[in-house]
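Visitor: Please put the structure on the screen, and we can go through it together.

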Amino acid sequence: MSEVLDLTIELCRRESITPDDAGCQALVAARLRDAGFEVESLRYGAVDNLWARHGDGAPVVVLLGHTDVVPTGPRERWSSAPFEPTIRDGHLFARGAADMKGSVAAMTLAAHAFVRANPAHRGTVAMLLTSDEEGDARDGVRRVLETFAARGQRIDHCIVGEPSSSATLGDVMRVGRRGSLHGHLEVHGLQGHVAFPDKVRNPIHIAAPALAALAARRWDEGDAIFPPTSFQVSNVHAGTGAYNVTPGELRADFNFRFNPKTGEQALRREVEAILAAHGLDYSLEWDCSGEPYHTVGRTLVDAVTAAVLEITGTSPRPDTGGGTSDGRFVAKTGAEVVELGPINATIHQIDEHVRIADLESLVAIHTRILGRLLG
């Protein structure tokens, strides 16, 4: 087996369901110490974070990743056990193989190789890992950056190893992301017997037209940089468990992925206006977990583009779609942020997998990026 495949398998064997790191960061730390990196563990609450750096001064180039993974779903539906990495048809199957232990392994070995070949490189090469990307994302990179701000630790360029590719490795790189706004809605009704509709106020009946109106609303058209704002209901819950009782309340969770054209405050106002127009008696809590960002600087974008072209023959397409990542926290510091990683077709799914040849190419790409920025 190749070195990157071996390390990916070792990482994927560890059942690091968020926020548990399950020893993944210790594996990475050992590799980086071997190349002369200074390694620091930063634990906040139940979350492990790893900060490893080599060199000094600017520019500071950070390879950013996470060691936590989402739950497996029904394990009996997997073709092979999700934490027993299995090779089939040139692919590695395991939970986290694509999102994003393969990238963590590739970035680790790229940093190791670059420093070994260039011990007196200019600037600083660093790696930042967290076990809180798939969870609340409160005690991970967000918390680490608060520590960095107090220390005066800056970041100039950040490469996030999230699975950005669509059809082939390197065909897409993320140069920004939409914001993420969560709504937690409770619609208040009046519980009662289903046979006496005049004596109840069924929150399911009341809420359904309002939720339908929200789902049908076209919030904006996006622009040349960002796709349109999207709205999705992620959970609806109501009922007492008895078939002949109407519930007293309905709870619904929904999410906006929004661009700067509309913005958080405009969305909140519009949602509340629609709920009021439908006569709902409700309470609503908001949680904005990330603002939109867009990398406009060319230094990192050009370095990533050139490295991908050299290794794959493909020039990556700049894109701001998809979900959120920890890059949103780093971007707020003023750093240039680009996300680059393997194909994302199976992330969070049953039988998640990554193409083994792509792992090899990712090591070469990240090594070339570091060479262009720090060589």
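Visitor: Which residues is arginine 95 in contact with, leaving aside its neighbours within four places in sequence?
Guide: On that basis, arginine 95 is in contact (heavy atoms within 4.5 Å) with Cys12, Val69, Val70, Pro71, Thr72, Trp78, Pro82, Phe83, His348, Gln349 and Glu352. This is a predicted model, in which local features need pLDDT of at least 70 and side-chain atom pairs count only at pLDDT 80 or more, while totals for chains, interfaces and linings use all residues. Residues are numbered from 1 along each chain as its sequence is written, and side-chain values use heavy atoms, leaving out hydrogens and water.

Visitor: Where is the place of arginine 95?
Guide: Arginine 95 lies in the loop between β5 (91–93) and α3 (97–117). Helices (H or I, at least four residues) and strands (E, at least two) are DSSP runs, numbered from the N terminus.

Visitor: Why does arginine 95 count as buried?
Guide: Arginine 95 counts as buried because its relative accessibility is 1%. With a 1.4 Å probe and protein chains only, buried means under 20% relative accessible area, exposed over 50%, and partly exposed in between.

Visitor: What does the side chain of arginine 95 join in a polar contact?
Guide: The side chains of arginine 95 and glutamate 352 are joined by a polar contact of 2.7 Å. The side chain of arginine 95 also reaches the backbone oxygen of threonine 72, at 3.4 Å. A polar contact is a pair of N or O atoms within 3.5 Å; within protein, one must be able to donate a hydrogen and the other to accept it, and residues adjacent in sequence count only if both atoms are side-chain atoms.

Visitor: Which side chain joins aspartate 99 in a polar contact?
Guide: It is that of histidine 348, at 3.0 Å. Aspartate 99 is located in helix α3. Histidine 348 also has its C-alpha atom 7.7 Å from that of arginine 95, although 253 residues separate them along the chain.

Visitor: Changing topic, how many residues has the largest nonpolar core?
Guide: This core has 55 residues, and those with the most contacts inside it are Val28, Phe37, Met127, Val304 and Ile369. The largest share, twelve residues, comes from α3. A nonpolar core is a set of buried Ala, Val, Leu, Ile, Met, Phe, Trp, Tyr and Cys residues joined through side-chain atoms within 4.5 Å.

Visitor: Where is isoleucine 369 found?
Guide: Isoleucine 369 is found in helix α9, and it counts as buried because its relative accessibility is 0%. Leaving aside neighbours within four places in sequence, its contacts are Ile159, Ala303, Val304, Ala307 and Leu340.

Visitor: How many residues of helix α1 are buried?
Guide: Seven of the ten residues of α1 (residues 3–12) are buried. They pack against α2 (24–34), β4 (86–88), β5, α3 and α9 (356–374).

Visitor: Finally, what does the secondary structure of the chain come to?
Guide: The chain has nine helices and 19 strands. Of its 375 residues, 52% count as buried.
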